[in-house]
Amino acid sequence: MTMAEVMECKGTRYEAVIGLEIHAQLLTDSKMFCSCSTRFGSEPNTQTCPVCIGMPGVLPVLNGRAVEFVVRTGLAMNCNISPYSRFARKNYFYPDLPKGYQISQYELPICEHGHVDIVVDGTERRIGITRIHMEEDAGKNIHQKDGSLVDLNRAGVPLMEIVSEPDIRTPREAAAFMKKLRAILRYLGVCDGNMEQGSLRCDANVSLRPEGSEGFGTKTEIKNINSFRFVEKALDYEIKRQLRVLEGGGTITQETRLWDSNAGITQSMRSKEEAHDYRYFPEPDLVPLEVSDEWVEEIRAGLVELPDEKRKRYAGEYGLPDYDAEMLAEERQVAEWFEEAVRLGGKPKAVSNWMMTELLRLLNDTGRDISETPLKPAHLVGMLRLIEDGTISGTIAKTVFEEMFRSGKEPGVIVKEKGLVQITDTSEIEKLVDEVLAANPTEVERYRNGETKLQGFFVGQVMKASRGKANPKLVNELLRKKLT
Ligand SMILES: [Zn+2]
């Protein structure tokens, strides 16, 4: 069922209005307001101190690196950076929050009014960023058979919350937006984007309204989604659920829902709190945060080239297809690998082709990261030279490529060791051609009766007979000569 069909209900066409709130853990070594480590996976409660476990009378000290990271993110997402912002207490009770409040930002966030562009099905769309603010994480409850335990290693870990405008219209756009955000954060080095470990998670708000209207329907919020696939699935489910409610003449209740990835459904968790339920008030232990223009400009000057800029440059400067440019630019390490190969003299298109097909396939098959393979850009460039000067054929190159990926050996060494040098001796190839023609008299007959597309079949047979080593150009020439 396509989205368009789903959205029709009692003669009214509905559109979805989606906004995302992304929580990203900042890649600082220490916590937001104390010097405890932020390392993941340590023994419970080994990275705590009186500040982050909320002892009375302690004073928070703001982590300057965390502020720098949020400003960097704000600039990369085209936000205004407020010269003056303030921390607030968000009050609520929960066992993993011993001090009874979270330090967050409320009225005066540090970044506002930005945007990020996404591309879905070849169409570029601009998604507004309402705000980016800083806050500290809470601890973690661990529920066991014989009781519940609290681990406070995560309490006080610096987070930023990136809130989008309700500009997103489809679950696919939501996933694309989340993907783009993750790519930018990883480029900036401010968040590792590890969704399994919870470094990046997302809450999604969704409501329906008659297509073309300006108002908003009642929204529900889906909490704690930790993968691109789930954000798409959860929203898809929730949109259909809301539509069914409206179809039955019901009304949508404003509430928080949880995505159950095993059952593939969202379930009501609680009715939605309003901001006043948290009784936000200015944090009395921290002075307002002032960020100077000079500092902002210094951070701006240090920004790296971002995936969108790279994508456009790859398409423009190198003439790569949009899809390839997008794929290569998405991950910083992949982009830098590509650029290094081009710098070493590889033709951009050839480098891109090998990366998009063989390299991505091998990375996928082995579950490895590009940085974890012994294959370096210089290997690929060296191999491309061997193809160009006729030492090896494109078919043989695949074998060489796989071997380089596995062992990190130089292409020339592999060719020599395995005896993969291309056969360019005409008489040797002619012999193979004759054998193939003699073994396939019916096909030869059909070819001579006009079925010239059988040329491909003969080429394949000769290449096979030569174990991939025959020069394909010579094979083609000789076949044509002999067949006509
Ligand atoms: Zn601490």
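The paragraphs below lead through the nonpolar cores, a helix pair, the paired strands and several loop residues of this structure.

The model is a predicted one, in which local features need pLDDT of at least 70 and side-chain atom pairs count only at pLDDT 80 or more, whereas totals for chains, interfaces and linings use all residues. Residues are numbered from 1 along each chain as its sequence is written. Helices (H or I, at least four residues) and strands (E, at least two) are DSSP runs, numbered from the N terminus.

A nonpolar core is here a set of buried Ala, Val, Leu, Ile, Met, Phe, Trp, Tyr and Cys residues joined through C-beta atoms within 7 Å, and a residue is buried if 20 or more other C-beta atoms lie within 10 Å of its own, exposed if 12 or fewer, and partly exposed in between, with C-beta atoms placed from the backbone. The largest such core comprises 71 residues, and those with the most contacts inside it are Leu-20, Val-70, Ala-174, Phe-177, Met-178, Ala-204 and Val-231. Helix H3, residues 171-188, gives the most to this core, contributing eleven residues. Two residues are in contact if their C-beta atoms, placed from the backbone, lie within 7 Å; by this criterion, and not counting residues up to four places away in sequence, Ala-204 touches Ile-18, Leu-20, Ala-174, Ile-222, Ile-225, Val-231, Ala-234 and Leu-235. As a general background, nonpolar side chains in soluble globular proteins tend to be buried together.

Leu-328 also takes part in a helix contact. Helix H7 (residues 322-330) packs against helix H9 (residues 348-366) at an angle of about 70°, and their axes are 11 Å apart; axes are lines fitted to C-alpha atoms, for helices over the stretch in contact, and angles run from 0 to 180 degrees between N-to-C directions. H7 and H9 are therefore roughly perpendicular to each other, in a scheme where angles under 35 degrees count as roughly parallel, over 145 as roughly antiparallel, 65 to 115 as roughly perpendicular and the rest as oblique. On the H7 side the contact is made by Asp-324, Met-327 and Leu-328, and on the H9 side by Ser-352, Met-355 and Met-356. By class, the contact of H7 with H9 has four nonpolar, one polar and one charged residues, where Ala, Val, Leu, Ile, Met, Phe, Trp, Tyr, Cys and Pro count as nonpolar, Asp, Glu, Lys and Arg as charged, and the others, Gly among them, as polar.

Turning to the strands, two of them are said to pair if DSSP finds at least two bridges between them. Strand E7 (residues 111-120) and strand E8 (residues 123-136) pair in the antiparallel sense over nine bridges; Gly-114 stands opposite Ile-129 in E8, and Asp-117 has Arg-126 of E8 as its bridge partner. The hairpin of E7 and E8 has two residues between the strands, and Asp-121, found in the loop between them, has a positive phi of about 50° although it is not a glycine. Asp-121 counts as exposed because it has 8 C-beta neighbours inside 10 Å. E8 is also joined by seven bridges to strand E11 (residues 158-164), and these two run antiparallel, with Met-134 facing its bridge partner Met-160 in E11. E7, for its part, pairs with E3 in the antiparallel sense over two bridges, and Ile-81 stands opposite Cys-111 in E7.

An open sheet of three strands has the order E6-E5-E16, with antiparallel pairing. Strand E6 (101-104) and strand E16 (281-282) are its edge strands, each pairing on one side only. Four bridges join strand E5 (residues 88-91) to E6, and Arg-89 stands opposite Ile-103 in E6. Glu-283 has its place in the loop between E16 and strand E17 (289-290), and it counts as buried because it has 20 C-beta neighbours inside 10 Å. Leaving aside neighbours within four places in sequence, Glu-283 is in contact with Phe-87, Ala-88, Arg-89 and Ile-103.

Arg-279, in the loop between strand E15 (265-271) and E16, likewise has a positive phi, of about 40°, although it is not a glycine, and with 12 other C-beta atoms within 10 Å it is exposed.
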